[in-house]
Amino acid sequence: MILSYKTFVLEYKRPFGVSSNTRTSTTSVFIKIEHQGKTGYGEACLPVYLGETVEGTIGFFEKIKPFLVHHASSSFAEIIKAIDEFSLENNAAKAAIDIALNDLEGKIERKPFYDLTGIGKSDSRLTSYTIGIDAEEMIGQKIKEAADFSILKIKAGTKDDKALINLIRKYTDKPLYVDVNQGWKNKEEVLEMIHWLHEKNVILIEQPMPVTMLDEMAWVTARSPIPTIADESVKRLKDLGALKGCFTGVNIKLMKSTGLTEALEMVKYAKQNNLQILLGCMAESSCATSAMAQLMKFADYVDLDAPNLLKNDPFKGVNYKNGKVYLNDLPGIGAEPIDALF
Ligand code: MG
């Protein structure tokens, strides 16, 4: 198995603001793994706030390269397990390798991932569309640009979130998800805010409080009229146990979970433990987004809008129409590079 990689800057159509920062691009390191005349593709998307660097990611790939050459006869599941032992971190780099190996396996077996794993196909699902924090005029403009989408996800955690939601409501009455990115600290105020949001047709609240405030989150969730979803509080399968009673559901993302293999285990754990499932993404390309869309059958909520936010997506995969994300029938993850990326 031959691994090669390519660093690529994904540029946004519009600057994207969250409670902690505003970005105009995200760097991804794309990989391909060639084996038995087939090529599997993967992506490590590296938003700066997650702390994974291009250098660290490439360093990890360089460590894995000889391992892949020498273990080409092992099963893909064994390889994925062994690669996890190479470091404690590098979740995005591990995700890229996992996505590429699952893509490769699908191509060798001529089956989409959803068939290969017996998940089954979900042809299409409504996805939310994210509106980042921005100046008033730009928010109005972004809402107009999101005309196709019937659910909007609002990034809150601003100085005055009630003013933000009132502003949004000047432009649209669509149902909203609100993602606070840990921006609120006082549990009584958080609960009061959630009740106010509920009256404004906000139907889901994501990570309202810091990851360290689990007891307070349990108090809020027990009283919340809408589902509370953990994002920053959960990366991998091992983190799910601590959530019991603290959140209604979990936002699963490939760049946190180390790829499709563990994301599928997380989905199964969530189902068994009565946790709702939101399938999410970083600002990643159609490569990783198409991989995650393979799991749509299990989702209570789908937030896979990232390719719509990009102006230079180097992959073609899932399609979007009337606010829905559509899976294709291609083998593997259902995505291919659109030009000479490598
Ligand atoms: Mg989030």
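The model is predicted, and local features are taken from residues with a pLDDT of at least 70, side-chain atom pairs count only at pLDDT 80 or more, and totals for chains, interfaces and linings use all residues. Residues are numbered from 1 along each chain as its sequence is written, while side-chain values use heavy atoms, with hydrogens and water left out.

The chain is assigned domain 1 (2–110) and domain 2 (124–337), with bounds that come from an automatic or database domain assignment. The centres of the two domains, taken over C-alpha atoms, are separated by 22 Å. Across the boundary, 37 residues of domain 1 are in contact with 43 residues of domain 2, where contact means heavy atoms within 4.5 Å.

Strands are described here as DSSP runs (E, at least two residues), numbered from the N terminus, and two strands pair if DSSP finds at least two bridges between them. An open sheet of 8 strands shows parallel pairing in the order S5-S6-S7-S8-S9-S10-S11-S12, and its edge strands, S5 (128–131) and S12 (301–302), each pair on one side only. Within this sheet, strand S6 (residues 151–155) runs parallel to S7 and is joined to it by 4 bridges, with Ile154 standing opposite Val178 in S7. Strands S9 and S10 also run parallel, joined by 2 bridges, and Gly249 in S10 is the bridge partner of Ile229. Both faces of strand S7 (residues 176–179) are covered, since Leu176 and Val178 on one side and Tyr177 and Asp179 on the other are all buried, a term that means under 20% relative accessible area with a 1.4 Å probe and protein chains only, whereas exposed means over 50% and partly exposed lies in between.

S4 pairs with strand S15 (residues 324–326) over 3 bridges in the antiparallel sense, and Arg125 stands opposite Val325 in S15.

The magnesium ion has Asp179 (OD), Glu206 (OE) and Asp231 (OD) as its protein donors, lying 2.0 to 2.3 Å from it. Donors are N, O and S atoms within 2.8 Å of the metal (3.2 Å for Na, K and Ca), and sites may look incomplete because water is not among the atoms. Along the chain, the donors follow the spacing D-x26-E-x24-D. Glu206 lies in strand S8 (residues 202–206) and Asp231 in the loop between strand S9 (228–230) and strand S10 (249–252), 25 residues apart, and this pair links distant parts of the chain. Both Glu206 and Asp231 are buried.

The structure holds 8 aromatic pairs, counted where the ring centres of Phe, Tyr and Trp (its six-membered ring) lie within 6.5 Å, with planes under 30 degrees apart called stacked, over 60 edge-to-face and the rest tilted. Phe8 and Phe30 form an edge-to-face pair, with 6.0 Å from centre to centre and 75° between the planes. Because Phe8 lies in strand S1 (residues 2–17) and Phe30 in strand S2 (residues 22–35), the pair ties together parts that are 22 residues apart in sequence. Phe8, at 21% relative accessibility, counts as partly exposed, whereas Phe30, at 0%, counts as buried. Ring pairs link Phe8, Phe30, Tyr41, Phe315 and Phe342 into a cluster.
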